[in-house]
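Student: Please take a close look at a single part, the ligand and its surroundings. Then place that part in its wider setting.

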Amino acid sequence: MSSIEHKQQQVETLMRLAPVIPVVIIDNARDAVPMARALVAGGIPTIEVTLRTPAALDAIRAIAAEVEGAVVGAGTVLTIRDLEAARQAGARFAVSPGVSPKLLDAVDDSDVPLLPGAATASEVMTLLERGYRFLKFFPAVPAGGTKLLGAWASPLPQVRFCPTGGISLASAPDFLALPNVLCVGGSWLTPADKLAAGDWAGVELLAREAAGLRKV
Ligand code: 3PG
């Protein structure tokens, strides 16, 4: 198994690949490959497929096997079982909405890097103690948005965030302008109606707009 520091470096690398990590809820695994190709073509290589649907693991498996240039991970990883299923499907990383001691122990024993969620300073401190400094800030807007992140920059300067939850193309620049934000996450790149319609050109366009956001 790799060290927590090595896994954190892997998380930092994928957070820096593009300004946005799309958060995907997929109902049909057959949509996975064309959707991922559209995201990559639009300039968005890192893709989080949430383990919220029965199709998710097959979707991760297909993207990992077939989509060149994609870095696919599993989102909504809540349990040791989720982490192991994601690893077996070929997920290159895992994302969790929060953390539990059991999940962190499992990550310590695994090669899959975790981007763990935190919404309070105490959760951030707990994760720092466990060796994590690249975190998801979730749910970003309901938990306090740019104001809360801005307030953390001074007392928690070593932490870098991927805020996720309630962010749009319009509000992403405000988050990306913060010194402690490397990228944002959001589901707006892969809306259910575009997936249902197989509108891959539309997904590519949304990806292109997102890729054009700049970390300032
Ligand atoms: C989620 O929980 O689905 C993610 O945080 C994405 O949130 P969003 O739909 O508000 O972008």
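**The ligand site**

Tutor: An oxygen atom of the ligand lies 2.6 Å from a backbone N or O atom of Gly166. This is a predicted model, in which local features need pLDDT of at least 70 and side-chain atom pairs count only at pLDDT 80 or more, while totals for chains, interfaces and linings use all residues. Residues are numbered from 1 along each chain as its sequence is written, and side-chain values use heavy atoms, with hydrogens and water left out.

Arg52 places a polar side-chain atom 2.9 Å from one oxygen atom of the ligand, and a side-chain N or O atom of Ser187 is 2.5 Å from an oxygen atom of the ligand. The ligand taken alone exposes 310 Å², of which the protein buries 77% (accessible areas by the Shrake-Rupley method with a 1.4 Å probe; for residues, only the protein chains shown count as cover). A polar contact here is a pair of N or O atoms within 3.5 Å; within protein, one must be able to donate a hydrogen and the other to accept it, and residues adjacent in sequence count only if both atoms are side-chain atoms.

The residues around the ligand (a heavy atom within 4 Å of it) are Val23, Arg52, Phe138, Thr164, Gly165, Gly166, Gly186 and Ser187. By class, this shell has 2 nonpolar, 5 polar and 1 charged residues. Ala, Val, Leu, Ile, Met, Phe, Trp, Tyr, Cys and Pro count as nonpolar, Asp, Glu, Lys and Arg as charged, and the others, including Gly, as polar.

Pro139 is in the loop between β6 and α7 (140–143); helices (H or I, at least four residues) and strands (E, at least two) are DSSP runs numbered from the N terminus.

On a 1 Å grid over the protein atoms alone, a cavity is a set of points where a 1.4 Å probe fits but cannot get out, and a pocket is an open set with protein on both sides within 12 Å along at least five of seven lines; lining residues have an atom within 4 Å of a point. Grid points are joined across faces, edges and corners, and a volume is the space filled by probe spheres set on the points.

The largest pocket has a volume of about 200 Å³. It is lined by 13 residues, of which Ile25, Asp27, Ala192, Leu195 and Ala196 are closest to its centre. Helix α10 (residues 192–197) gives the largest share of that lining, 3 residues.
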